[in-house]
Amino acid sequence: MTEETGTVKYGWSVKLAVIALILVQMTQGLCNPSLAGIMALFPNEDVAAIQTILNIPTLIMIFSALATGSIAHKIGYKTTGIIAMIFALIGGVAPGLVHPSVGVMIFERAIFGIGYGMVYALAIAAAGEFWRGKEITKMVGIITFACGLAGLVYNAFAGVLVTMGWEYIYYAYGIIIIFMVYYAIAMPQRSELPVPKTADAKEKSGLAGLGAKYWEYFIAMAVALCCLNVFMSNIAMVVVGTGIDATGAAVAVVMMGFTAGLMIGGAIYPPMYRALK
């Protein structure tokens with residue numbers, strides 16, 4: 001953080017801390033190639049129940065994300081982010097260590113969903129809380145690009161790990177520890193930027209200085225994430241169910257192509273936004 005002309009400016013150390021939130025969020029995609037192994041572990045379980053293991057974080061994240069804004073404003077961005085990552089870490093690693101039944105795994109993934117929703121909402125809020133004007137647009141583009149890049153790397157990594165055993169995919173959630181340590185060091189507790197005001201000098205209502213646009217963006221992204229998760233889980237079912245791949249490694253290859261498109265979209269978002277504005 002530096003000071004220029006009397007105003008606080010948050011540089012790349014804080015931007016990377018926000019990206020760390022997104023890197024934790026995108027670990028949700030790690031688990032898709034594990035579907036084949038879990039189906040083999042519970043051959044008599046209903047397929048829909050097993051799919052719930054992959055899908056439950058998206059359902060839980062809607063509720064945890066809604067509560068995150070008020071929590072962050074009470075206890076700070078740093079503390080909230082650390083709590084979110086702890087949830088994601090515990091719920092991420094647990095299925096690989098403790099999996100006596102599908103019900104237990106669903107519960108463990110629900111814990112991950114709490115952290116999943118919190119880091120997602122916190123990253124969106126931080127874009128408007130720590131930056132202003134064109135910097136917000138740039139930050140949204142960076143976040144989207146990071147989503148695509150992380151998805152690409154995670155899917156490639158998961159494709160390798162699943163050949164060793166589906167449990168190893170969940171062990172990989174331990175990488176959240178690295179992101180959490182950096183976040184705890186680099187992320188400020190609160191923004192020192194002045195709160196944006198309306199024309200009549202009243203402070204803007206709404207979260208993160210974005211006013212009503214925050215909720216518009218939040219709802220749109222929540223719907224997009226739900227659609228994304230449905231696509232990802234069903235692609236996993238198609239690949240495994242049709243016999244294309246018995247281990248789940250091919251699921252990772254399919255997801256890599258999808259997330260490459262996401263990364264490209266994130267890269268072109270800022271210039272496209274400026275051109276269409």
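This protein has 10 helices and two strands, counted as DSSP runs of H or I over at least four residues for helices and E over at least two for strands, numbered from the N terminus. Keep in mind that this is a predicted model, where local features need pLDDT of at least 70, side-chain atom pairs count only at pLDDT 80 or more, and totals for chains, interfaces and linings use all residues. Residues are numbered from 1 along each chain as its sequence is written, and side-chain values use heavy atoms, leaving out hydrogens and water.

**Overall layout**
- Starting at the N terminus, the order of elements is β-β-α-α-α-α-α-α-α-α-α-α.
- Take the contacts (heavy atoms within 4.5 Å) between residues at least 6 apart in sequence: 83% of them join residues at least 24 apart.

**The core**
- The largest nonpolar core holds 66 residues, and Y77, Y170 and M187 have the most contacts inside it. Such a core is a set of buried Ala, Val, Leu, Ile, Met, Phe, Trp, Tyr and Cys residues joined through side-chain atoms within 4.5 Å.
- Y170 touches, among others beyond four places away in sequence, C31, I38, L54, V93 and R109.

**Surface**
- The accessible surface (Shrake-Rupley method, 1.4 Å probe; for residues, only the protein chains shown count as cover) is about 12,500 Å², with 71% belonging to carbon and sulfur atoms.
- L97, V98, M164, Y168 and Y171 make a nonpolar patch of about 490 Å². Patch residues have over 30% relative accessible area and no salt bridge, with nonpolar side chains (Val, Leu, Ile, Met, Phe, Trp, Tyr) joined within 5 Å and like charges within 9 Å.
- Y168 sits in helix 7 and is partly exposed at 35% relative accessible area.

**Salt bridges**
- The whole structure has two salt bridges, each a side-chain nitrogen of Lys or Arg within 4 Å of a carboxyl oxygen of Asp or Glu.
- E135 pairs with K15, their closest N and O atoms 3.5 Å apart. E135 is in helix 6 and K15 in helix 1, so this pair ties together parts 120 residues apart in sequence.
- E135 also pairs with K138, at 3.6 Å between the closest N and O atoms.
- K15 is buried at 11% relative accessible area, while E135 is partly exposed at 25%.

Technical notes
Buried < 20%, exposed > 50% of the residue type's maximum accessible area, 1.4 Å probe, protein only.
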